[in-house]
Amino acid sequence: MPYIPHTKRDTEEMLKAIGINQIEDLFEAVPSDLLEMNEFNLPAGFSEQETRQHVSGIAAKNWTAEASFLGGGFYHHYIPEHVTNLGTRSEFFTAYTPYQPEISQGILQAIFEYQTMIVRLTGLDATNASMYDGSSATGETCLMAANITDRKKILVARSVHPQYREVMRTYCNGKGLIMEEVPFDMSSGQVDAAALGSSLTEEIAGIFVQSPNFFGVVENMKELSDMAHEKGAVSVQIITEALSLGILTPPGKNNVDIAVGEGQSFGIPVSGGGPSFGFLACVEKYIRKLPGRIVGETVDEDGKKAYVLTLQAREQHIRREKASSNICTNQTLFAIRALIYLATLGKKLRDLALLNHSHSLAFQKMLSEKGLRRVFSKPFFNEFVVDGCDTLLLQKLKEQRIAGGLPLKRFYPELKNSLLVCVTEMITKDDMEKYLREFLFIKEAPLRSA
Amino acid sequence: MQTIFEKSVLGRSQYQLPVAIAAEIELGEGMTRSMLDLPEVSELDIVRHYTALSQRSFGVDTGFYPLGSCTMKYNPRINEAMAGLKEFAQFHPWQDDADSQGTLELIYRTQEYLTEVTGFPGLTLEPAAGAHGELTAVMMMKAYHLDRNDTQRRKMLIPDSAHGTNPATAAMCGFDTVEVPSDAQGGVDLEKLKAVLDEKTVGMMLTIPNTLGLFDRNILEISKLLHEKGALLYMDGANLNAILGAVKPAKMGVDVMHINLHKTFSTPHGGGGPGGGFVGCVSSLVPYLPAQRIVKDGDSFRLDFSAPKSIGRVRAFYSNFGVIVRAYTYMLRLGKEGTKRIGRYAVLNANYIKARLKDFYNIPFQQHCMHEVVFNDEKQTQYHITTMDIAKRLIDFGYHPPTIYFPLIVHGSLMVEPTETESKETLDEFIDAMMKIAEEAKVTPELLQRAPHSAAVKRVDSVKAARNPVVVCNTCCT
Ligand SMILES: Cc1ncc(COP(=O)(O)O)c(C=O)c1O
């Protein structure tokens, strides 16, 4: 039997030591009609070889792009081999949460280093050991903002990732908070600051603005943060493309109180949306409102430097119903992987971010020259919205094994022919040229047939 | 050990980017950062540094890990390989349904398996961990009552033996928690339950088997009492491993439950995650499940969002999809015979440890345990030895300590969960170590009080850490 090592003799000896005749005797507390003695309606177990064939067969039913211009919250970036290699070391991945510090110094130190990376990237003061992902971390941040301000209303920009807004709404409904959406400006692509200003009353717990936003456009976080602070609200910046932190002014410098987002860009494959990790960082004064695990530095009995889970008086296992959150398991393995990625790139993260920006800008200009209009005027990081796209283009690109981008109509009816196009370092010049060729082919098709 | 920041040397970074094909930027003045205080280390330094950190960690692969309530079973390598298949790892979540058939089918099939073993017709794999599943389930309970205009229900009943995530979850949904005491046998005290149960009760969050490792023999009575008052029974399924293949939760009168894929279904815990959550429910709760559902039309699959009463979305995209792939791979390997054995052998292993150690450590509850056995330090108190000392001494014997001081209702609890993947020899060696420690407690107690002796550090000062929190390294790399 896979993964159960007992021989018949082992079982017999064990039953004897316990003083019973059969394993079922151990279930005597289970009402007898509940004990399942029948076969399950399941196939017989597979060998490993058959399992591999079967699962590979299912996997093959996914279409796989050779070049993907899809972004919108999850990004194709290059992952150095040693990052994957170290990130899958089994001492890391088969461990539990480091409750026992003496034999978990490695993981604890790794989390401590990860926290340091996130704090330096965001320009804030503290962070936790990770959250499930960007969207649920943002949901938690709604509760955190309400908790900090003792207010019940959340303002969120409509230019925030649509699924993040859905998750926020779910968390707000659960806790009994009210969430209100603020429109974006159709020409700049940024949140409509005037509209935000008029909704920003003294009832608002926090403003939630994504930057770069779902359209890739960079927001004026400083101006918005200052508006929030004037009304006693906290300013929250959502970040789905963590690589942008390599070049853009960090949240802390823009007077943002809490930065929350998705860390997948740091060395983690897209994998259908997970597992990756969410990060959540804040200014010093809110550290005791943070959800989840935090690692701190201390000493052992001999005065030697050591790490340990700390500030646990916020957490569910100590505070129960008064905890800042219910989170227990987080995504440590991927926080560690991101750490290794960030250690690898180091200051070159800035160059990589710049390269993403320049390449996407260059491609946007190429498209625009050929007639695919840029929709929003304000600067973007590595993804942008173009207008004039149709399904035929995406179809043609797909035939070339190119994922051409994300149509925005289903999230924003007013952007009905718009496409969100993302260009990372994975896109080569060749890919761009292929894309343009297909576009021109379609554009000129009516002329040809005429 | 130095941190990576302390190992940084200015100008050392070797990382090389692909050749740029453009250099223009449109990020204006004030939009960019001037400084990035990240380390500069060589690739070899990184490999050595993180290899060293991994070696200062302890996983299931390192040794026996009897951490109660956590189900530290073997994490099969084939699971990892399947999650790493190119078509899964490179699958972008915004691909449309036609291009996502493999992902949709895999999730669908995982759901089919879970329906069969839990008995629940409605389910979701959207939660990212156990506590996230709890949150999803309790939100569904709330939506269910509100949908019936039953607006006065604000009380969530929670046994005093419950895991902290249960009350924390109820609070996140705006409910008041009411603690229900346990009886002398470790089960729910029925009289005390009746005293607090009324028409204002949302439901009860019950861990089955409970955190004492016991199956509550009154389970059918409990669900009946709740249902009579219109309240719902939520099952915390973190301990499902005890009854997988032996009892179908739906048959116990459970209305909604969560499972941790990273416990029962062998996906690795990753040093604190990722996890995977599953929520199953009876048909009356189906309308409230998260909105994104997978529908099978003939031979193909699609996403469906037409659930107007749904609580909405709890996680973007396909959640921890890679974890679902791992769990499905494991389910395939188990098949019908394997599934049936999981709970039985997990329970056998725990009872074997219990039987052999009963004369050495106190066992607060006598009933046969399920997948885990709770001891405490009552027999060792006379030698001034605590559960903490025993746990730390186990490190010197090469073991990860059991869960300690949880559940809260047992003074000095020491909770041992061996799981079914451990052989009799492994258990025998552990039992020997525990016996030896019991003997040491008598003759050389200081050996325990000063333990561990073999770890990277001695006992750490958590009070200092919390009093003066240092949560980031302050070595500058610029
Ligand atoms: C009984 C019980 N419930 C809930 C949880 C929470 O699960 P997770 O850590 O996956 O969020 C745990 C995990 O330790 C548990 O033991």
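Start in chain A by selecting the seven strands of an open sheet, which run in the order β2-β8-β7-β6-β5-β3-β4 with mixed pairing; strands here are DSSP runs of E of at least two residues, helices are runs of H or I of at least four residues, both numbered from the N terminus, and two strands pair if DSSP finds at least two bridges between them. At the edges of this sheet lie β2 (126-127) and β4 (178-182) of chain A, each of which pairs on one side only.

Before going on, note that this is a predicted model, in which local features need pLDDT of at least 70 and side-chain atom pairs count only at pLDDT 80 or more, while totals for chains, interfaces and linings use all residues. Residues are numbered from 1 along each chain as its sequence is written, chains are lettered from A and ligands numbered from 1 in the order in which they are written, and side-chain values use heavy atoms, with hydrogens and water left out.

Next, select residues 234-239 and 258-262 of chain A, strands β6 and β7, which pair in the parallel sense over four bridges. Within this pair, A:V236 stands opposite A:I258 of β7(A).

Move on to strands β9 (residues 295-299) and β10 of chain A, which pair in the antiparallel sense over five bridges. A:V299 has A:K305 in β10(A) as its bridge partner, and in the five residues between the strands of this hairpin A:G303 takes a positive phi near 85°. Strand β10 (residues 305-309) of chain A is largely enclosed by the rest of the structure, because four of its five residues are buried, that is, under 20% relative accessible area with a 1.4 Å probe and protein chains only.

Finally, colour chain B, which has 14 helices and 12 strands. Its C-alpha trace spans about 75 × 65 × 45 Å along the principal axes of chain B, and 67% of its 478 residues count as buried.

Note on methods
Buried means under 20% relative accessible area, exposed over 50%, partly exposed in between (1.4 Å probe, protein chains only).
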